[in-house]
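Hi,

Here is the structure I said I would pass on.

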Amino acid sequence: MSIHESGENYLEQLLLLSREKEKVRAVDLCAALGFSRPTVSVMLRELRAGGFVIVADNGALSLTEKGAALAEKIYERHCVICECLVALGVSRETAKADACKIEHDISEETLDCLRAHLARVRGNGK
């Protein structure tokens with residue numbers, strides 16, 4: 001199953017929520033993403049079918065190994081892009097919003113160059 005931008009956003013948000021809360025439920029995703037319960041339920045069904053998410057009998061959500069790996073990759077992309085934009089002088093709020101849009105479409109080559117640039121800007125790269 002290939003996952004689209006919206007699915008990636010759900011995985012990333014589930015990762016972040018699971019770092020804050022012991023038990024993440026669909027209602028938490030609704031609140032964080034601003035979507036209705038039916039919308040979240042449909043996406044969770046797709047993510048579960050794709051092997052990215054587990055829904056426990058008590059309603060608790062968790063990422064599978066496959067889901068966690070993808071969520072971490074997406075979040076790392078977001079952080080690199082956001083930090084590069086901030087280093088360029090973009091406000092943190094705007095950088096976060098823009099990174100959310102860019103993180104899904106950026107190539108590995110460009111991301112690698114951004115990582116290298118960040119390392120240079122931070123003084124720990126060549």
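Ile 54 counts as partly exposed because its relative accessibility is 44%, where partly exposed is the band between buried (under 20% relative accessible area) and exposed (over 50%), using a 1.4 Å probe and protein chains only. Ile 54 sits in strand β1, residues 53-55. Leaving aside neighbours within four places in sequence, Ile 54 is in contact with Ala 60, Leu 61, Ser 62 and Thr 64; contact here means heavy atoms within 4.5 Å. From Ile 54 to Gly 67 it is 13 residues in sequence and 9.3 Å in space, C-alpha to C-alpha.

Before you go further: this is a predicted model, so local features need pLDDT of at least 70 and side-chain atom pairs count only at pLDDT 80 or more, while totals for chains, interfaces and linings use all residues. Residues are numbered from 1 along each chain as its sequence is written, and side-chain values use heavy atoms, with hydrogens and water left out.

Now the overall picture. The protein has six helices and two strands, in the order α-α-α-β-β-α-α-α from the N terminus. Those elements are DSSP runs numbered from the N terminus, with helices being H or I of at least four residues and strands E of at least two. Along the principal axes, the C-alpha atoms fill a box of roughly 50 × 25 × 25 Å. There are 126 residues, and 35% of them count as buried. Among contacts with a separation of 6 or more, 53% are between residues 24 or more positions apart.

A pocket is an open set of points on a 1 Å grid over the protein atoms alone, where a 1.4 Å probe fits, with protein on both sides within 12 Å along at least five of seven lines; lining residues have an atom within 4 Å of a point. The volume is the space filled by probe spheres set on the points.

The largest pocket holds about 330 Å³ of space. It has 15 lining residues, and Glu 12, Gln 13, Leu 16, His 78 and Cys 100 are the closest to its centre. Two or more lining residues come from each of α1 (5-20), α2 (26-33), α4 (65-87) and α5 (92-102). By type, the lining has seven nonpolar, three polar and five charged residues.

What about His 78, buried or exposed? His 78 counts as buried, because its relative accessibility is 10%. His 78 belongs to helix α4 and touches Glu 12, Lys 96, Ala 99, Cys 100 and Glu 103, not counting residues up to four places away in sequence.

The second largest pocket comes to about 170 Å³. Its lining includes Arg 25, Arg 37, Arg 45, Arg 48 and Leu 61. Helix α3 gives the largest share of that lining, five residues.

One last stop, at the end of the chain: helix α6 (residues 108-121) reaches 20 Å from its first C-alpha to its last. Just after α6, Gly 123 takes a positive phi of about 85 degrees.

Cheers

Definitions and conventions. Ala, Val, Leu, Ile, Met, Phe, Trp, Tyr, Cys and Pro count as nonpolar, Asp, Glu, Lys and Arg as charged, and the others, Gly among them, as polar. The expected span of a helix is 1.5 Å times one less than its number of residues.
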